[in-house]
Amino acid sequence: MKRNKILIFSLIGCGVLIGLQFIKPHIINNPITGDLQAPKDVKQILKRACYDCHSNETKLSWFDKISPISWRVASHVKDRRAGLNFSEWDKLTSGARKAKLLETVNQIIAGAMPLNDYQIVDPESKITQKDFSILKKYVSGMTDKQPIDTGSISTTYIKKEISDKPAVSISSNCKQ
């Protein structure tokens, strides 16, 4: 009797999982309107660690297409693209671009990006110390060449951002 109940629940569970495969969100990769222009080494790091969620060049692995995992992936990509989309870089002002790159380095310093579960399934997305140094140098070079033109990012933020100390969040007054 106990085996029959286990078998019935197992069959029902399998049926539900199979049924869920017919309910899948679609991740649409819209055309690229203006990609980030950066040195090759910077671009390679960002493509490897960020573009699957923060661009219109999302590449899904086979396991990303299995429901209910696909629901989380689609939701995550939608949210991340809304915050930063390298494929629509041309839609941002110069100051907003700088602010987004500063925020990107800030997120790496804080350990918030790339997400830990993403790094587990895609180990190549991990930001190494060398990668971080390259990104930090690129971003600090941007801020040295021109003053930040958003008017809402202080030089204190830039100095803290470029150091290895915990970062300060960007003001909500930044243009996006």
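By buried I mean under 20% relative accessible area, by exposed over 50%, and by partly exposed anything in between, with a 1.4 Å probe and protein chains only. Before I use that, some housekeeping: this is a predicted model, so local features need pLDDT of at least 70 and side-chain atom pairs count only at pLDDT 80 or more, while totals for chains, interfaces and linings use all residues. Residues are numbered from 1 along each chain as its sequence is written, and side-chain values use heavy atoms, leaving out hydrogens and water.

Start with helix H5, residues 94-110. Helices here are DSSP runs of H or I with at least four residues, numbered from the N terminus. H5 has 17 residues and spans 24 Å from its first C-alpha to its last, close to the 24 Å expected; the expected span is 1.5 Å times one less than the number of residues. Its buried residues include Ala96, Lys98, Lys100, Leu101, Thr104, Val105 and Ile108. An α-helix has 3.6 residues a turn, so residues three or four places apart point the same way. Just after H5, Gly111 has a positive phi of about 80°.

Next, the aromatics. Rings of Phe, Tyr and Trp, the last by its six-membered ring, pair if their centres lie within 6.5 Å; planes under 30 degrees apart are stacked, over 60 edge-to-face, and the rest tilted. The whole structure has three such pairs. Tyr51 and Phe86 are stacked, at 5.2 Å centre to centre with 5° between the planes. Tyr51 is in helix H3 and Phe86 in the loop between H4 and H5, so this pair ties together parts 35 residues apart in sequence. Tyr51 is buried at 2% relative accessibility, and Phe86 is buried at 0%. Trp62 and Phe63 have ring centres 5.4 Å apart and planes at 85°, so that pair is edge-to-face. Trp62 is exposed, at 64%, and Phe63 is partly exposed, at 21%. Tyr51, Phe86 and Trp89 form one aromatic cluster.

Last, what does the search for cavities of 30 Å³ or more find? A cavity is a set of points on a 1 Å grid over the protein atoms alone where a 1.4 Å probe fits but cannot get out, and lining residues have an atom within 4 Å of a point. The search finds one. The largest cavity holds about 50 Å³. Among its lining residues are Val42, Leu101, Thr104 and Tyr138, and helices H2, H5 and H7 each supply at least two lining residues.

Technical notes
On a 1 Å grid over the protein atoms alone, a cavity is a set of points where a 1.4 Å probe fits but cannot get out, and a pocket is an open set with protein on both sides within 12 Å along at least five of seven lines; lining residues have an atom within 4 Å of a point. Grid points are joined across faces, edges and corners, and a volume is the space filled by probe spheres set on the points.
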